[in-house]
Amino acid sequence: MATLTIRNLDEDTKARLRVRAARHGRSMEEEARTLLAAAVRAPSARPADLAASIRRRFEPLGGVELDLPARDAEREPPKLRR
């Protein structure tokens, strides 16, 4: 098992951890282990790809309607000489 030391933990956080641990009938150390394990097991809230992330960010702003120009007919491919 590994050991982790957490320095500079503010008093309010420590007090809340102590109360939470007591409520669950555990030591502060066990409560901290449980919280850390749950946090790293939780799935990431981040979308899997960049496009989904961009879409999610700008979706609340609404869409944009664009007038798309008509497409020309496909041109003939060039004839190559041998």
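User: In which element is Glu31 found?

Analyst: Glu31 is found in helix α2. Helices (H or I, at least four residues) and strands (E, at least two) are DSSP runs, numbered from the N terminus. This is a predicted model, where local features need pLDDT of at least 70, side-chain atom pairs count only at pLDDT 80 or more, and totals for chains, interfaces and linings use all residues. Residues are numbered from 1 along each chain as its sequence is written, and side-chain values use heavy atoms, with hydrogens and water left out.

User: Is Glu31 buried or exposed?

Analyst: Buried means under 20% relative accessible area, exposed over 50%, and partly exposed in between (1.4 Å probe, protein chains only). Glu31 has a relative accessible area of 0%, so it counts as buried.

User: Which residues is Glu31 in contact with, leaving aside its neighbours within four places in sequence?

Analyst: Contact means heavy atoms within 4.5 Å. On that basis, Glu31 touches Leu17, Arg20, Ala21, His24 and Arg26, with neighbours within four places in sequence left aside.

User: How do I read the packing of two helices?

Analyst: Two packed helices are described by the angle between their axes and by the distance between the axes. Axes are lines fitted to C-alpha atoms, for helices over the stretch in contact, and angles run from 0 to 180 degrees between N-to-C directions. Here, helix α1 (residues 11–23) and helix α2 (residues 28–41) have axes that come within 9 Å and cross at roughly 95 degrees. α1 is therefore roughly perpendicular to α2 (under 35 degrees is roughly parallel, over 145 roughly antiparallel, 65 to 115 roughly perpendicular, and the rest oblique).

User: Which residues make the contact between α1 and α2?

Analyst: From α1 come Lys14, Leu17, Arg18, Arg20 and Ala21, and from α2 come Met28, Glu31, Ala32 and Leu35. By class, this contact of α1 with α2 has 5 nonpolar, no polar and 4 charged residues. Ala, Val, Leu, Ile, Met, Phe, Trp, Tyr, Cys and Pro count as nonpolar, Asp, Glu, Lys and Arg as charged, and the others, Gly among them, as polar.

User: What is the phi of Asn8?

Analyst: Most residues other than glycine have a negative phi. Asn8 is not a glycine, yet its phi is positive, about 60 degrees. Asn8 lies in the segment before α1 and is exposed, with a relative accessible area of 80%.

User: Where is the place of Ala42?

Analyst: Ala42 sits in the loop between α2 and α3 (50–58). Its relative accessibility is 42%, so Ala42 counts as partly exposed. Ala42 and Arg16 are 26 residues apart in sequence and 22 Å apart in space, C-alpha to C-alpha.
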